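Welcome! Take a moment to look over the sequence and the model below, and then we can walk through them together.

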Amino acid sequence: AKTFDQLTPEESKERLGKIVSKIDEDKDGFVTVEELKDWIKFAQKRWIYEDVERQWKGHDLNEDGLISWEEYKNATYGYILDDPDPDDGFNYKQMMVRDERRFKMADKDGDLTATKEEFTAFLHPEEYDYMKDIVVQETMEDIDKNGDGFIDLEEYIGDMYSHDGDTDEPEWVKTEREQFVEFRDKNRDGKMDKEETKDWILPSDYDHAEAEARHLVYESDQNKDGKLTKEEIVDKYDLFVGSQATDFGEALVRHDE
């Protein structure tokens with residue numbers, strides 16, 4: 001973000017223009033929703049693989065091309081295990097138990113050693129079908145404050161909004177309350193169970209990249225022909241810089257773009 005702040009709007013627009021030619025896969029001078037969707041998916045995946053590469057270097061201590069749970073645990077929690085009572089009072093033990101559970105879930109063959117693919121599933125479980133249950137479980141554990149195995153309305157709101165003595169709730173919080181009653185709590189029992197939580201955080205009928213692509217086209221398409229020219233995109237460069245299409249501006253400051 002710092003680097004991006006140092007670019008002038010002119011430089012940003014020039015760099016965005018270069019990225020547009022990459023998004024326009026068939027080189028017909030127009031960017032369609034489909035092309036934009038493919039690009040957003042590519043940008044998301046690239047970020048994930050780069051994250052995995054970075055973390056891999058710090059955890060594959062014996063450089064054998066695998067990461068065992070022991071290696072990960074020592075690299076991540078080694079210093080805490082030596083000092084079971086850290087000054088910051090944070091419960092790392094709990095975090096380690098949670099990590100171990102997720103590691104074992106990602107480790108398909110159960111040998112307590114992760115290949116690069118399994119390590120990717122461990123770090124980014126939302127990208128893998130076989131990891132979805134653990135994403136739901138962890139989300140529920142975070143939000144379910146009274147530990148009854150469900151998310152009730154107050155827990156749902158409490159996860160995104162804190163009253164802090166305010167008596168008046170903002171409008172968006174009221175909307176979220178309605179969302180909970182109308183759409184989240186499908187069986188109308190006042191709380192979200194595991195299935196309802198899964199529909200909320202990992203909806204099967206919702207494609208984030210497509211929704212983002214449609215939004216960008218809708219907002220930028222000045223002549224309403226359903227596709228974008230480079231000019232239309234550059235005109236709305238502030239919208240694109242805040243979007244997944246440029247990895248929120250990150251792509252504009254990278255040399256390989």
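Which residues gather in a patch of negative charge on the surface? They are E25, D26, D28 and D38. A patch here is built from residues with over 30% relative accessible area and no salt bridge, with like charges joined within 9 Å. A salt bridge means a side-chain nitrogen of Lys or Arg within 4 Å of a carboxyl oxygen of Asp or Glu.

Before going further, a word on the model: it is predicted, so local features need pLDDT of at least 70 and side-chain atom pairs count only at pLDDT 80 or more, while totals for chains, interfaces and linings use all residues. Residues are numbered from 1 along each chain as its sequence is written, and side-chain values use heavy atoms, leaving out hydrogens and water.

Now for the whole chain. You will find 13 helices and four strands; these are DSSP runs numbered from the N terminus, with helices (H or I) of at least four residues and strands (E) of at least two. The C-alpha trace spans about 60 × 55 × 35 Å along its principal axes. Of the 257 residues, 40% are buried. The accessible surface comes to about 15,300 Å², and carbon and sulfur atoms account for 50% of that; such areas come from the Shrake-Rupley method with a 1.4 Å probe. The chain carries 36 positive and 73 negative side chains, and the centres of the two sets lie 3 Å apart. Lys and Arg count as positive, Asp and Glu as negative, with His and the chain ends not counted.

| Residue | Relative accessible area | Class |
|---|---|---|
| D38 | 37% | partly exposed |
| K27 | 56% | exposed |
| D51 | 7% | buried |

Leaving aside residues up to four places away in sequence, D51 touches L123 and H124, where a contact means heavy atoms within 4.5 Å.

Finally, look at the backbone. Most residues other than glycine have a negative phi. K27, however, has a positive phi near 55°, and this residue sits in the loop between α2 (9-23) and α3. R188 also has a positive phi, near 55°, and lies in the loop between α9 (171-184) and β4 (191-192).

Key:
Buried means under 20% relative accessible area, exposed over 50%, partly exposed in between (1.4 Å probe, protein chains only). The place of a charge is taken as NZ of Lys, CZ of Arg, CG of Asp or CD of Glu. Patches are made of residues with over 30% relative accessible area and no salt bridge: like charges are joined within 9 Å, nonpolar side chains (Val, Leu, Ile, Met, Phe, Trp, Tyr) within 5 Å.
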